[in-house]
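The following note sets out points for a colleague who is new to this structure. Please read each point with the sequence and the model in view.

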Amino acid sequence: MRISTGIYGLDELLGGGYLKNTVNIILGSTGTGKTVFALQYLLKGLEDGEKAIYVSFDMDVEDVIQVATSLGWFEIEDYINNNMLLINKFFAENVTYLNDNLINFIVENSDGNTRIVIDSFTPLIASLSYEMRNDVNWFFAKLKEYGTALISLEEPLNGDLSDPSIVIPLFLGDSVIQLKSLGYGEAFNRTLRIVKHRRSWHAEGVFPYRILDGIGIYVEGASYVEESRKKIDLDAVFDELGVSKSSIPEKILRRLEVLAKNSDEEAERIIIEIVKRYR
Ligand SMILES: Nc1ncnc2c1ncn2[C@@H]1O[C@H](COP(=O)(O)OP(=O)(O)O)[C@@H](O)[C@H]1O
Ligand SMILES: [Mg+2]
């Protein structure tokens, strides 16, 4: 089952949205739109009647309301008032590393199908060392038990991603989306890339996005990707190349069938190359 991200044009690039009960990473430097992304993700769930939890270390309820209303999402206050959206600001200095307060807050307030956001995870794991990998693994497993989580990570401005506090969550996350802001004067000021999506197809390449009043994040290119994805008629490929199906080992044939089901022009070319070998 897929969880719609609520981001315009993004579900199509993820093969239908996030997978249920996963931990999904948004990586980006400051100002790329991680907080806008997170709120848009929560609002999508709230609209569908799901519960939502927003945890941060720098935004309190008033700050969240301000960001949302600046984008025209005035309904945010109703969701807060009727307890569908829970917002909790933790103080990083009081959080003794992925501590019980944080996980208890999530456990107590989740119904098992909750959209959980931690925006951002960086203050929580700033002093992370590689030995703490198991702790992050444990924490992510907990989150998955209680819902489908979105975790933002601050990308250092110098682009160095080798720090354990970045590498470990990237490695353990089920999906990673990287947001980039190039600055004015560039052809595409803001671009998005899906670095990984475990157990799912995802679009490759870089997609421009914009942050718009009312809409929030809008990703371009979904319709192009949808058009280039197509179901390939394997029988037609065999006919055209004059290859008989029986001349291909059963196992290879099964694999080609899987690839043909969910494919694009690039894959079609590869299928043709493989079938040709059996001419
Ligand atoms: N109401 C708005 N209308 C248009 N753009 C906005 C609006 N609110 C925020 N933005 C854009 O989003 C950027 C900040 O996004 P934010 O989610 O706070 O980034 P991050 O959390 O990654 O630091 C702003 O610099 C601005 O360009
Ligand atoms: Mg932010």
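1. Strand β4 (residues 52-56) pairs with β5 in the parallel sense over 5 bridges. Two strands count as paired if DSSP finds at least two bridges between them. Strands (E, at least two residues) and helices (H or I, at least four) are DSSP runs, numbered from the N terminus. Within this pair, Tyr 54 stands opposite Ile 87 in β5.

2. The model is predicted: local features need pLDDT of at least 70, side-chain atom pairs count only at pLDDT 80 or more, and totals for chains, interfaces and linings use all residues. Residues are numbered from 1 along each chain as its sequence is written, while chains are lettered from A and ligands numbered from 1 in the order in which they are written.

3. Arg 193 stands opposite Val 206 in β10, and Arg 210 has Tyr 218 in β11 as its bridge partner. The hairpin of β10 and β11 has 3 residues between the strands, and Gly 214 there takes a positive phi near 85°.

4. Two backbone features in loops deserve a check. Most residues other than glycine have a negative phi, and most peptide bonds are trans. Asn 21, which is not a glycine, has a positive phi of about 55°; Asn 21 is found in the loop between β2 (18-19) and β3 (23-28). A cis peptide bond, with omega of about 0°, joins Asp 119 and Ser 120, and Ser 120 is found in the loop between β6 (114-118) and α5 (133-146).

5. Which residues surround ligand 1? The shell consists of Gly 28, Thr 30, Gly 31, Thr 32, Gly 33, Lys 34, Thr 35, Val 36, Ser 70, Leu 71, Ile 211 and Asp 213, where a residue counts if its C-beta atom, placed from the backbone, lies within 6 Å of the ligand. Helix α1 (residues 34-47) gives the most to this shell, with 3 residues. By class the shell has 3 nonpolar, 7 polar and 2 charged residues; Ala, Val, Leu, Ile, Met, Phe, Trp, Tyr, Cys and Pro count as nonpolar, Asp, Glu, Lys and Arg as charged, and the others, Gly among them, as polar.

6. The chain is assigned domain 1 (2-227) and domain 2 (231-276), with bounds from an automatic or database domain assignment. Their centres, taken over C-alpha atoms, are 38 Å apart.

7. Helix packing is the last point. Helix α9 (residues 250-261) packs on α10 at an angle of about 160°, with the axes 10 Å apart. That angle makes α9 roughly antiparallel to α10 (the term applies over 145 degrees). Axes are lines fitted to C-alpha atoms, for helices over the stretch in contact, and angles run from 0 to 180 degrees between N-to-C directions.

Terms used: Parallel < 35°, antiparallel > 145°, perpendicular 65-115°, else oblique.
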